[in-house]
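Me: I'd like to learn how to read a sheet and one of its residues in a model like this. Could you walk me through it?

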Amino acid sequence: MKKFNIRKVLDGLKEASCSAPSVQVGPQENHLIQETLQSDHFQLCKTVRHGFPYQPSSMAFDPVQKILAIGSQGGALRLFGRPGVECYCQHESGAAVIQLQFLINEGALVSALADDTVHLWNLRQKRPAILHSLKFNRERITFCHLPFQSKWLYIGTERGNIHIVNVESFMLSGYVIMWNKAIELSSKAHPGPVVHISDNPMDEGKLIIGFESGIVVLWDLKCKKADYRYTHDEAIHSVAWHHEGKQFICSHSDGTLTIWNVRGQGKPIQTITPHGKQPKDGKKPEPCKPILKVEYKTTRNGEPFIIFSGGLSYDTVGRRPCLTVMHGKSTAVLEMDYPIVDFLTLCETPYPNDFQEPYAVVVLLEKDLVVIDLAQNGYPIFENPYPLTIHESPVTCCEYFADCPVDLIPALYSVGSRQKRQGYSKKEWPISGGNWGQGTQSYPEMIITGHADGTVKFWDASAIMLQVLYKLKTAKVFDRNRSKEDKGSTEISDEDPFAIQIMAWCPESRMLCVAGVSANVIIYRFSKLEVTTEVVQLLEVRMQYELNETDSPEGGGYGGEQTSAHHTPGASPQTSGPPSHPSTSSNNSDGGNMPCLKVRSTPLKQSPGYQVDLVVQLVWVNGEPPQPITSLALNSSYGLVVFGNSNGLAVVDYVQKTVVLNLGTLELYGSGDPYQRQPRSPRKTRQPSGGLCDINEGSATSEDRCKSPTSDHRDNSFSRSRSSSVTSIDKEAREYVNSFHFCETFTRKGDSTLTPCLYVGTSVGAVLALAVTLPPAGEQRQLQPVIVSPVGMLVRLKGSIMRMAFLDSTGALLPPAHEPWYEPNITADGEEKVRKRRPVSVSPSTSQDLSESQYAVVCSEKQAKVMSLPSQTCIYKHNITETSFILRSDVVQMSQGVCVACFCANGHIMTLSVPGLRPLMDVNYLPLTDMRIARTFCFTNLGQAMYLCSPTEIQRITYSQDTCENLQELLGELFTPVETPEAPNRGFFKGLFGGGAQSLDREELFGEIAAGKASRSLAQHIPGPGGIEGMKGAASGVVGDLARARIALDERGQKLGELDERTAAMMASADSFSKHAHEMMLKCKDKKWYQF
């Protein structure tokens, strides 16, 4: 033991004498590895966020730039352009976004938040930034309105007042519309908050103001008085204009719509209850649910559209939320899957005083974004090109792979394209703004997500985009019909018995293995051909944890390990059916717990893609349910799958469809068990299924077994290391198997040849070796058994083992052996079965010289160690964390070398060099790590990582300096120079008789000269971080773009004058500011401090 004490890590330093006693070969071997990775190769930054905005609250659309903005209850802002152009920003306060308004075709956006702040975002840079903010102190913001091509923003408040803000300077005007001036003096009641503001499309000087109580006021801005007042006895939710400015429509809390003439006093000209039952005796129809929003859109050649959300009658119990489209005499009720948050009608023109010509409706739901085509019969929806379906079923686990084989994504895409639904609109997706980034990324990336309903989704994640490739439904393997007594139990109906817990995937061979929450493992092969499987092959495995005096050692491990594993390849193992053990009778008596899933007995038609090869199920033993699977690995070269839980591990040969080994955890140690354990019978209480639970939940009852999103093999570590009193609980907890690694290595100490081996990591920090003896490739592989036998312990670390990897003598990462993919369904006589095993180990084991060595890198939740093989001496050791514990660690290949990447429970992300374990990066990235992040965080090669930041969104980050530097080029641009469409022609007679749109000099009305200054205490101005530099940078960028666009457009005789002037003005103001600052600096440069 002495050599372990000496070997305290001196970064990269090693005394040769320490290894001399145990290794007779080249004692200098470890000095030969030159570590190429340095600290300056690492930098941490967020790259992109994918998925549906979590808890959306508001939406806006720029009809010229064709960009959609969505705000959320957590203060997030998501911007969407053409597929592949999207952007995520966050308001620092985290307050809900209540309203968004684009400065149309200006590359800017105004956001109003629930904390009564208003912000101006600059979208002319790849990462939008806030230019100005305004915080209201005495008023609560309820509604905002920014007229097209105006710089004056109207802000309505809870008190019923309207304030006006200049969006260029973000200063308040002295012009205020007070509620008591707006309503009649005779009415004593307060009209309620402002719920709507908009100007008359034909007269900018007239503003319509809707108050919640049911009062609508037409306000004359010049005369500062109310022209008309319209009162209704039902509360108002929204107001919309007819484009000619002579009529408007209101939606009310009783499910009615009222249409008013602007000049008509008293009563509405029409009251409609679209979903109300009309009584025969002429009485008012019965009230319905509130109509939350209405839009009134006109067409040049036909009837106007009235589109609204809500308004269903109260007796439609269980009816889904609806959007109603009224067009002439037809009324279409479009059912939605989730409640409607907001909707917008997309129109051909940005001008409110022209025929609107609506062509689509964007509907923002609580968990989806739907776009409806108004131009086609039946109103079909557009196929959504954004990756917004991550959360279709809750994500329970995920894996990330960078630098995959190049043929993989096309193969998955071709089988996935057949899964697409039909009946979408034939038109192009209408949200088409922005441009893709110019940068290129040379390697393919993939993300795989496992879900609570048993689906597995494969995503193409190359070049910071995300697109679903293929969806696999694992639940198809099982019978879904439950017995009647099960259906009555409410507990079971809430569970997700098919939830995916762990996934193991070999990208080269395309073999996939998933472990489900109901203690089942399914092995899939990839095929391009359709096949009908007559009988789904099933193996049943008994794993129990029992060491009673009466039992033989085999009783715990091998006894009755399988009911049905035939060793001859010709015979197919027993098909599905209840396990023929005493356990079946005890299923329901044991607390009414759900039995394990029943594999289907009918033929299964399998489409091209992933096809089930074998199902392995753990069965009940002595009335105790099987323990959840905590670890899983597969090796396509050896044809083996291994899985473990708190009882032990089982190795399955999926070529011969047999169980090769079924060992209790204690038997892995053999006689050299370092822990003196008391023999005991199975515990009556179960281990938690791995939720990040508090310590006192350690004895969760068996009903928790199938609860879905809590299950993951890494979670136990989170719960165990939570408090200082963990050790006493640990003695009670079982040791469980929580990581595996297949490799070709020196299995025993002093070995001279490389042999296949399986390393096993346990929750108490032990790394144990199992030797794998494989029959010769070809026909013998089908007939002779694979032998797997325990060898003993390699090393012990503090905390449970997270990850293992092997390096060759030069320090290069040794990938596990694998076979290339082949088509499994070829009918030629057994031709495809006689595949030779082709390990990827570079040198054949015979030519491996004795002086050659390997390094095993082992990382636990507390520390990392590097072992030299075959001497099995620890040459480097590093305590990664004392106070916290690691949630995820991976040994990853960077472009400059190999490193260990760790994500810690305290939010730190760290990298260590290999093999010297020098700390290279340590960033406190996420101070608050929640359960979801802990469960879904994963690193992959080339400095990429990801996690689920909300139930609906994936956040990708990079820890590579190269990627951080190239990120700007990869990111898309939201703003592109586009000419604003021409204003509608007023026509000769309208111009002659003054019937056209009336313009208003708002500057004259709201400017400081006319309106005076606003009260200072009302709101405070806060300059944003994207201030003058951001303005100047953005402006100069746009000028460059304009110059390029100009050359192209001038040939066609088009002009970009308006946009150019505005940009030049922006530049000029930035320049004059910097000139003044420079003059000031020169003036003050030579003065002493006392001369000021």
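Me: Let's begin with one side chain: is Asn520 buried or exposed?

Reply: Asn520 is buried, because its relative accessible area is 4%; buried means under 20%, exposed over 50%, and partly exposed in between, using a 1.4 Å probe and protein chains only. Before we go on, note that this is a predicted model, where local features need pLDDT of at least 70 and side-chain atom pairs count only at pLDDT 80 or more, while totals for chains, interfaces and linings use all residues. Residues are numbered from 1 along each chain as its sequence is written, and side-chain values use heavy atoms, with hydrogens and water left out.

Me: Which residues does Asn520 touch?

Reply: Leaving aside residues up to four places away in sequence, Asn520 touches Phe478, Val514, Ala515, Leu597, Val616, Gln617 and Ile629. Contact here means heavy atoms within 4.5 Å.

Me: In which strand is Asn520 found, and how do strands pair in general?

Reply: Strands of a sheet pair through backbone hydrogen bonds, either parallel or antiparallel. Asn520 belongs to strand β35; strands (E, at least two residues) and helices (H or I, at least four) are DSSP runs numbered from the N terminus. Two strands count as paired if DSSP finds at least two bridges between them. Strand β35 (residues 520-527) pairs with strand β34 (residues 511-516) in the antiparallel sense, over five bridges. Within this pairing, Ile523 of β35 is the bridge partner of Cys513.

Me: What is the strand order of the sheet?

Reply: The order is β33-β34-β35-β39-β37, an open sheet of five strands with mixed pairing. At its edges stand β33 (500-506) and β37 (538-541); each has a single partner strand, so one side of each lacks a neighbour in the sheet. From one strand to the next, the twist averages 20 degrees.

Me: Which strands does helix α4 lie across?

Reply: Helix α4 (residues 408-416) lies across β33, β35 and β39 (609-618), and runs at about 95 degrees to β35. Axes are lines fitted to C-alpha atoms, for helices over the stretch in contact, and angles run from 0 to 180 degrees between N-to-C directions.

Me: And the chain as a whole: how many helices and strands does it have, and what is its average pLDDT?

Reply: There are 19 helices and 59 strands, and 56% of the 1092 residues are buried. The average pLDDT (the predictor's confidence in each residue, from 0 to 100) is 81, with 75% of the residues scoring at least 70. Take care with residues 1-31, where pLDDT stays under 50, and likewise with residues 828-850, where pLDDT stays under 50.
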